[in-house]
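This briefing goes through selected features of one protein structure, grouped by topic. Please keep the sequence and the coordinates at hand while reading.

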Amino acid sequence: MHTSFLRRTLASTVLLAAVALAPPGAQAAAPAADTRVDVDVRAGLATVDSAALGVNHAIWDAQLGTPAVADLLKDAGVRMLRYPGGSYADIYHWRDHTAPGGYVAPNTDFDTFMAGAQRTGAEPMIIANYGTGTAQEAADWVRYANITKGYDATYWTIGNENYGNGHYGSAWEADEHADKSPKEYAATVLAYAQAMKAVDPTIKIGAVLTMPGNWPDAIVGAGDEGSWNQEVLTRAGAVIDFVDVHWYPGGSTPAETLTKPAQIQDAMHLLRQQISRYAGRDIAISMTETNVDIGRNTQPGALFLADVYSGLLAQGVFTVHWWNVHNGMGDVTTVAGHTDYDDFGLLSSGNCNADNSVCQPPLNTPFAPYHALSLMGDFARTGDRFIGAGTDNDLVSAHAVRRANGDVAVLLINKDPDAEHTVALNYHGFTPATGTPSVATFTNGADAVTTAPGGTAGAQTLAPYSITLVTLKPNAAGTAAPKAPARPTATVTDRTATISWPSAGSGLKYEVYRQNGGAAELLGETTGTSLTARNLEPGRRYTVNVLARDGAGRLSPASPPLTFTTGTPAGAACTVKFRNTNDWGNGFIGSIDITNNAASALNGWTLGFTWPTTWQSVSNGWNATWNSSGRTVRVTSDSALAAGASTSVGFVGSYSGPNVLPGVFTLNGTVCTSA
């Protein structure tokens with residue numbers, strides 16, 4: 001977050017659940033399922049990194065590094081701590097522990113932070129001062145941390161939210177550079193990386209990027225050649241080891257906020273596209289700040305945390321950090337029946353409002369998001385592999401991991417504040433053991449996670465506004481299965497994809513699955529090391545896994561996932577070129593050039609396309625008649641389009657999430673070549 005300083009926290013209230021008992025001798029009927037959940041071990045996603053669960057510490061927090069806080073974070077499974085705290089990083093000087101213009105609490109120096117991190121069992125994520133510091137100052141910090149003190153601090157980010165330095169208008173981040181462009185930031189990252197790695201070449205350097213769909217993503221500033229991400233990746237992509245993004249997706253109501261995690265897959269897809277296009281290689285991704293606008297320390301914050309951490313980790317983000325440990329009281333409201341102090345913190349700051357009419361719970365009392373984080377610590381453990389999971393109910397989210405011992409853990413999030421939902425769990429490639437599974441639950445207003453056997457492997461009833469973790473043993477002890485194939489590659493056309501992979505051993509048959517929510521689709525099987533999938537849709541994104549099966553029928557774990565997008569037909573009767581010509585962060589000008597490649601003229605035409613997401617729309621268009629229905633757009637004209645001739649149309653587009661541009665267009669029903 002920016003310079004927010006000590007704001008607020010959650011009153012711990014115990015929710016008493018009335019339990020209806022069946023009459024003596026009666027058998028209580030199981031409630032009918034209203035939600036289907038599919039879990040598929042054949043759909044392999046990312047593996048949980050050792051630093052996956054993170055939080056922010058800040059030098060204005062007097063509790064930073066204390067044993068009480070360190071132990072609470074350890075109990076929650078935190079494995080990475082960020083220092084010295086958001087925008088304070090760009091005014092902080094580590095050597096004399098000062099932050100000119102800001103407040104520094106006693107006993108929050110770097111050594112105190114490291115002692116707390118070591119007690120927690122967490123790696124540090126250190127932010128070097130870009131705004132008011134120097135490359136030499138950062139290099140000296142590396143020397144002190146890793147040479148003098150032997151802290152083995154691996155991860156170092158250069159600055160925090162440096163796009164907020166006024167270059168795009170809004171200015172909250174300190175920046176004393178005369179040139180505040182992304183070009184200057186990239187050049188300085190190069191200088192910092194060189195100086196810091198000269199001291200310790202084993203460290204990893206991170207550069208600040210913007211989250212796709214969030215301001216100022218896609219905006220081209222005055223004098224720039226491209227957006228912030230384009231400029232930074234093009235100029236500094238060769239020297240950095242990871243990129244760092246923040247995400248505060250907003251939402252005017254808790255219900256709207258809880259729809260935002262659905263944007264994660266598209267946002268990460270766009271970010272990886274940018275990294276590949278502009279840096280020319282894969283680069284790791286960290287998410288070191290996220291939180292909500294409403295219900296920060298009550299159940300909406302908890303539900304959001306569980307959904308977002310799971311979604312990001314499943315997409316291969318190596319660490320996710322909540323903002324932050326303590327923050328303090330803001331505007332006090334009631335959210336979902338409980339007092340919300342508008343506090344970004346995981347733990348209560350124990351403070352009161354100006355007239356002492358409202359006070360938080362005692363210092364370090366855990367708020368609801370803390371309990372969600374502790375459930376994440378039990379769910380997503382180092383080395384676990386996320387697997388496919390999906391539901392048919394927008395109010396219920398599902399995530400799943402497979403552990404090295406063969407267990408499967410399923411995290412279920414009921415975002416309905418008013419009603420319980422009973423889910424029918426369906427497994428693919430996995431047979432759970434009989435008996436009652438272990439279930440951990442955090443409900444609205446509870447002051448702790450409860451754990452007890454409950455429900456069945458096939459059915460669970462989720463309380464309103466709750467998080468439920470179900471852990472399942474396999475039906476039979478696993479025997480030695482083949483090793484997972486390595487990540488495949490693909491060569492695509494508009495309708496086919498030839499998927500290839502290295503051999504995983506002799507005598508194996510390979511099965512190729514397309515991820516499809518929680519139930520993967522078998523595309524084909526072969527004894528070779530490539531397979532051509534046919535009848536695919538043009539311009540569509542696919543994610544596939546390859547699995548190996550031996551002669552005894554034992555199936556390997558899934559390969560790392562491969563995502564590819566099919567093309568459009570070459571030499572079609574029409575060509576369409578789509579351009580985003582001007583972007584302002586939540587809208588853009590779209591320009592579409594249409595060419596008739598046919599031998600005869602078109603006496604009137606209709607161009608059609610479909611928005612990739614539900615949060616994109618056309619505001620108004622010109623040079624033709626524009627009509628939209630849901631995600632479908634139709635552009636019609638009575639004008640003739642001669643053979644070989646071109647015409648152009650344009651529109652104003654709006655978006656409230658990652659702006660994945662359409663890639664497939666039809667002209668009078670024919671799929672065009674996309675230029």
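How many salt bridges does the count come to, if a salt bridge is a side-chain nitrogen of Lys or Arg within 4 Å of a carboxyl oxygen of Asp or Glu? By this rule the count comes to 22 salt bridges. The model is a predicted one, in which local features need pLDDT of at least 70 and side-chain atom pairs count only at pLDDT 80 or more, while totals for chains, interfaces and linings use all residues. Residues are numbered from 1 along each chain as its sequence is written, and side-chain values use heavy atoms, with hydrogens and water left out.

**Salt bridges**

- Side chains of opposite charge can pair when their charged atoms come close.
- Arg541 and Asp266 meet through their side chains in a salt bridge with an N to O distance of 2.8 Å. This pair links distant parts of the chain, since Arg541 belongs to strand S25 (residues 541–549) and Asp266 to helix H7 (residues 264–279), 275 residues apart; helices (H or I, at least four residues) and strands (E, at least two) are DSSP runs, numbered from the N terminus.
- Arg541 is partly exposed at a relative accessible area of 26%, whereas Asp266 is buried at 14%; buried means under 20% relative accessible area, exposed over 50%, and partly exposed in between, with a 1.4 Å probe and protein chains only.
- Asp293 and Arg296 form a salt bridge through their side chains at 3.4 Å, N to O, in which Asp293 counts as partly exposed at 37% relative accessibility and Arg296 counts as buried at 7%.
- Asp307 forms a salt bridge with Lys415, where the closest N and O atoms are 3.6 Å apart. This pair also links distant parts of the chain, with Asp307 in helix H8 (residues 299–314) and Lys415 in the loop between S14 and S15, 108 residues apart.
- Both Asp307 and Lys415 are buried.

**Surroundings of Lys415**

- Lys415 has its place in the loop between strand S14 (408–414) and strand S15 (421–428), and it is buried because its relative accessible area is 11%.
- The side chains of Lys415 and Ser397 are joined by a polar contact of 3.0 Å, a polar contact being a pair of N or O atoms within 3.5 Å, where within protein one must be able to donate a hydrogen and the other to accept it, and where residues adjacent in sequence count only if both atoms are side-chain atoms.
- Leaving aside neighbours within four places in sequence, Lys415 is in contact (heavy atoms within 4.5 Å) with residues including Leu258, Leu303, Asp307, Asp394 and Tyr465.

**Surroundings of Leu425**

- Leu425 lies in strand S15 and is buried, with a relative accessible area of 7%.
- With neighbours within four places in sequence left aside, the contacts of Leu425 include Val37, Val410, Leu412 and Gln460.
- The C-alpha atoms of Leu425 and Ala139 are separated by 53 Å, and the two residues are 286 residues apart along the chain.
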